[in-house]
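Trainee: I should like to learn how to read the features of a protein model. May we begin with the charged side chains?

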Amino acid sequence: MSEISVLDLQNLRHLIGGYETSCQKMTEYAGMAQDAEVKKLFQDAADSAMKNKQELLRFL
């Protein structure tokens, strides 16, 4: 793997943190949702954010 710049590392850290925050928030919203469709929408968003976070971590 070629060298990665400090700026790129900072950007990746920011993205990974954002995905983690999104996952936590969407999971919390899913837990509060009364409607099954809304609950599924939030849970799907949480799952997607976690998947994106894990893919970025594998990249590193």
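Mentor: A salt bridge is a side-chain nitrogen of Lys or Arg within 4 Å of a carboxyl oxygen of Asp or Glu. Here Lys53 and Glu20 form one through their side chains, at 2.6 Å from N to O. This pair joins distant parts of the chain, 33 residues apart, with Lys53 in helix H2 and Glu20 in helix H1. Please note that the model is predicted: local features need pLDDT of at least 70, side-chain atom pairs count only at pLDDT 80 or more, and totals for chains, interfaces and linings use all residues. Residues are numbered from 1 along each chain as its sequence is written, and side-chain values use heavy atoms, with hydrogens and water left out.

Trainee: Which residues does Lys53 touch?

Mentor: Contact means heavy atoms within 4.5 Å. Leaving aside residues up to four places away in sequence, Lys53 touches Ile16, Tyr19 and Glu20.

Trainee: How many salt bridges does the structure hold?

Mentor: The structure holds 3 salt bridges. In one of them, the side chains of Asp44 and Lys40 meet at 2.8 Å, N to O. Both residues lie in helix H2, 4 residues apart, which is about one turn of the helix. Asp44 is partly exposed at 37% relative accessibility, whereas Lys40 is exposed at 52%. Lys51 also forms a salt bridge, with Glu55, and their closest N and O atoms are 3.9 Å apart.

Trainee: Why are Lys51 and Glu55 separated by about one helical turn?

Mentor: An α-helix has 3.6 residues a turn, so residues three or four places apart point the same way. Lys51 and Glu55 are 4 residues apart in helix H2, and therefore about one helical turn separates them. Lys51 is partly exposed at 49%, as is Glu55 at 38%.

Trainee: How far apart are the end C-alpha atoms of each helix?

Mentor: The expected span of a helix is 1.5 Å times one less than its number of residues. Helix H1 (residues 6-32) has 27 residues and should span 39 Å; its end C-alpha atoms are 39 Å apart, which agrees. The 24 residues of H2 should span 34 Å, and the end C-alpha atoms of H2 are 35 Å apart, which agrees.

Trainee: Which residues make the nonpolar surface patch?

Mentor: Patches are made of residues with over 30% relative accessible area and no salt bridge: like charges are joined within 9 Å, and nonpolar side chains (Val, Leu, Ile, Met, Phe, Trp, Tyr) within 5 Å. Leu9, Leu57, Phe59 and Leu60 make a nonpolar patch of about 380 Å². Leu57 lies in helix H2 (residues 36-59) and is partly exposed, with a relative accessible area of 43%. Accessible areas come from the Shrake-Rupley method with a 1.4 Å probe; for residues, only the protein chains shown count as cover.

Methods:
Helices (H or I, at least four residues) and strands (E, at least two) are DSSP runs, numbered from the N terminus. Buried means under 20% relative accessible area, exposed over 50%, partly exposed in between (1.4 Å probe, protein chains only).
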